[in-house]
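Thanks, everyone. Let me put the structure up, and then I'll walk through it.

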Amino acid sequence: MNQLNLQVQPGDIFGFIGHNGAGKSTTIKAVVGVLDFESGEILIQGHSIKEEPLICKRLMAYMPDNPDLYEHLTGIQYLNFIADIFAIPAETRQKTIEKNAELFEITGNLGDLISSYSHGMKQKLAIVAAVIHSPRLLVLDEPFVGLDPRASATLKQLMRNLCGEGCAIFFSTHVLDVAEKLCNKIAIINKGNLVFVGTMDALLSMDEGKSLEEIYLDLVSLNS
Amino acid sequence: MNLNPRNPSPIYLGWRLAMNRLNAQLGINVFRYEKDRHKRNVKKTITVVIVICLLVLSLYCGLAAYGYGTLGMEALVPGIAMVISSLINLFFTIFKANGELYGFRDYELVLSLPIPITTVIHSRLFNMYFWNTVITVLVMAPMGVVYAVFEKPGVMFPLIWVFGIFLVCLIPTILAAFVGAVITAIASKFRYASAVSSVLGIAFVIVLMALSMMISTGNTGFEKLIDYKTGIVNISAISSYIPEISRSLNQLYPPAVLFTKAVVHQDALSLFYFAGLSIGLYGLFAWVLSTKYREINTALTSHVSRSDYKLETLRQQSMLHTLYNKAIMRILKSSVCATNLLMGCIMAIIISIALLVIGPDRVLTGLSITGNSDAVKKGACFALAGIISMTNTASVSLALEGKTIWLIKSLPIPAKTLYDSYILTNITFTVPTSVITGILFSIALKPGLVGTLLMILVPLTFSLLVAVGGVAIGNRMAYYDWKEEPQLIKQSLMSIVGMLSGILVIGICGAIAVTSLIPVDTNAISSIFVIAFIVAASILYIGESNRPIRE
């Protein structure tokens, strides 16, 4: 990644788009402290992910594109594990799990081993786990891949609700229709370079009448 | 309708499947195409370590045969060579068979291709046969050379021996695959199939060890041949015991009768019977398995999903507690992890129970340990520590995170807490084993009060050092992009170093304590080692706690 400069504010739903191999997942992994980076700085509410990783990680939640979860645990054991890491009191976690598991219709499956879950089910479980500690920043890598239409709609609503509560959401996606309808800010990268960053309105006003998809393809081909 | 008039033959398809599997196991493409130098170097190092271990095994077998030759017992060499290679093959294949033959990763892909099931089964069996033949060659080739030098058999011997080498591993391979099939079929009926499979696999090995021990500790009178006080062996009397030992061997492994007859008497008919028995069993097993194969794999790959969970009261635990629970479950719920990583503790318990039930003398004879009982008493605590140290879950715990490492790295988990959970997991298995087996050893060997304390303290404190050392090894050698758990557990550098370093350290300590290298009482030296283990574990723990989690 070269000269990437992004700011995600509370209440933002920030879309991060680019071709396959453009560097989206690498950037996201660096943001959440999974990958190390050579130069630059990533700050979460003023805390450096390099210098104060634990403080940063307590403030955010991450869901990868292909959630590899602990297959030897049951769904509820996994949620309890995550809740214990964030020291969520029993009563609070009970309420959050109850509400979100019901929302994604996985309550009945929480007693089953994760190894028996389908990709979509794992995705739903990972979402429920990600919001268990009410993060200030939610980082999602391709969150809509593998979700059924109802779960997809539920996730969009959940994202809007979280933003309403002051949470910031940063997510990558290839589904440009979703990005257009959901995001208030957007960043486009191509071959490791930032091509555009700004509000969705500003992007769409660059070429009025064109959809996000058309503008995106124009921008990428211009910068290739 | 035949769309392609030049459909490949089943033999060709089977060959391609087998070669594909061998390519993955040998890591040929890593050597040829991997761009990451570190990964290539790790693979090279692992390969070199494995080759050295195999050559040491081969050398040991050759030297053992030479020993029999110098004692005038060369007639026993063919039978012993066959029994050793068969037992090694059986022992290693029994745990490998489940992952290799049933429920393998590419099952869905392979079964969706136009390949007959029998071809898939033959390719899998060939893979096991190939590796077992490699072991058989390493065991039997040097022993055959030594036998030929001492016995000077007829011109047909090399031909019979080479032919035998390629036949010997067939029966143990099929037996292990059969037991594996039975275990897998039973386990597939349960929700926690892996755990059931582990328990049954371990139970089978225990029964096997008990049987072999019962046979080999039969009253042969062999111990009367050695004067333990002077160390003098009565060579002239040895020849009279050969028939008795030969009978024990044949009792342990009946097909050895045919093979020994074929080699010693150059009996073509016995060789023919042996070949018929081996190949016949192989064919029968492959046929029977092909009728049940899909059923077994369907049961294994299907999951019990009740989907009727109701949220009940949840409990909060500390971060360490929850990480510890996760690490324990990770090991216990994987049959590969449970059977391989816990083998040290299981062996220690079996040996200590055998010591108590059968008695020290017969157990030592069964384990081929000779020497004066005083030295055995003094060295027992170190031997026990060495056996228990083979259970080093801490060295692979970090690598076992595998693809889920993103969770550990993205969650606010301090490195120290993670390491503590790995150490606690390791000592959960080793510390109770040290205490229990230490007490059982003490009851059986009666080493006195101080000796009893040391019998418990030496393995216990060494277990602490091994656990902390395991974390240090794992954090320097772990890699997360492994494809197959058995390879990580059995062949990875961190696993081998984790297991062997403990044995090496305690072996040196034991040698210093038992032999008269330092003119101080054995109990005093052992006590110093206890303190040294605690100090070393503490220093290592402090140093390691500040180390970040490996990238």
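Predicted model: local features only at pLDDT ≥ 70, side-chain atom pairs only at ≥ 80, totals over all residues.

Residues are numbered from 1 along each chain as its sequence is written, with chains lettered from A and ligands numbered from 1 in the order in which they are written.

Chain A's sheet. Helices (H or I, at least four residues) and strands (E, at least two) are DSSP runs, numbered from the N terminus. Strands pair if DSSP finds at least two bridges between them. The sheet in chain A is open, with 6 strands in the order β4-β5-β6-β1-β7-β8 and mixed pairing. Strand to strand, the twist averages 15°. Strands β1 (13-18) and β7 (185-190) of chain A run parallel, joined by 5 bridges. A:Gly18 has A:Ile189 of β7(A) as its bridge partner.

Next, the interface. Contact here is C-beta atoms, placed from the backbone, within 7 Å. Chain B puts in 28 residues and chain A 34. On the chain B side, α14 (319-332) and α20 (405-410) are the elements giving two or more residues. The most come from α14(B), with 5.

Now the cores. What counts as buried? A residue with 20 or more other C-beta atoms within 10 Å of its own; exposed is 12 or fewer, partly exposed is in between, and the C-beta atoms are placed from the backbone. A nonpolar core is a set of buried Ala, Val, Leu, Ile, Met, Phe, Trp, Tyr and Cys residues joined through C-beta atoms within 7 Å. The largest has 142 residues, and A:Leu125, A:Val128 and A:Val139 touch the most other members. Helix α22(B) gives the most to this core, 15 residues. A second, separate core has 54 residues, including B:Met73 and B:Tyr129.

Stay with α22(B), residues 448-477. Of its 30 residues, 22 are buried, so α22(B) is largely enclosed by the rest of the structure.

Last, B:Phe163, in helix α7 (157-168) of chain B. Why partly exposed? Because B:Phe163 has 15 C-beta neighbours inside 10 Å.

Definitions and conventions: Axes fitted to C-alpha atoms, helices over the stretch in contact; angles between N-to-C directions. Contact = placed C-beta atoms within 7 Å. Expected span 1.5 Å × (residues − 1).
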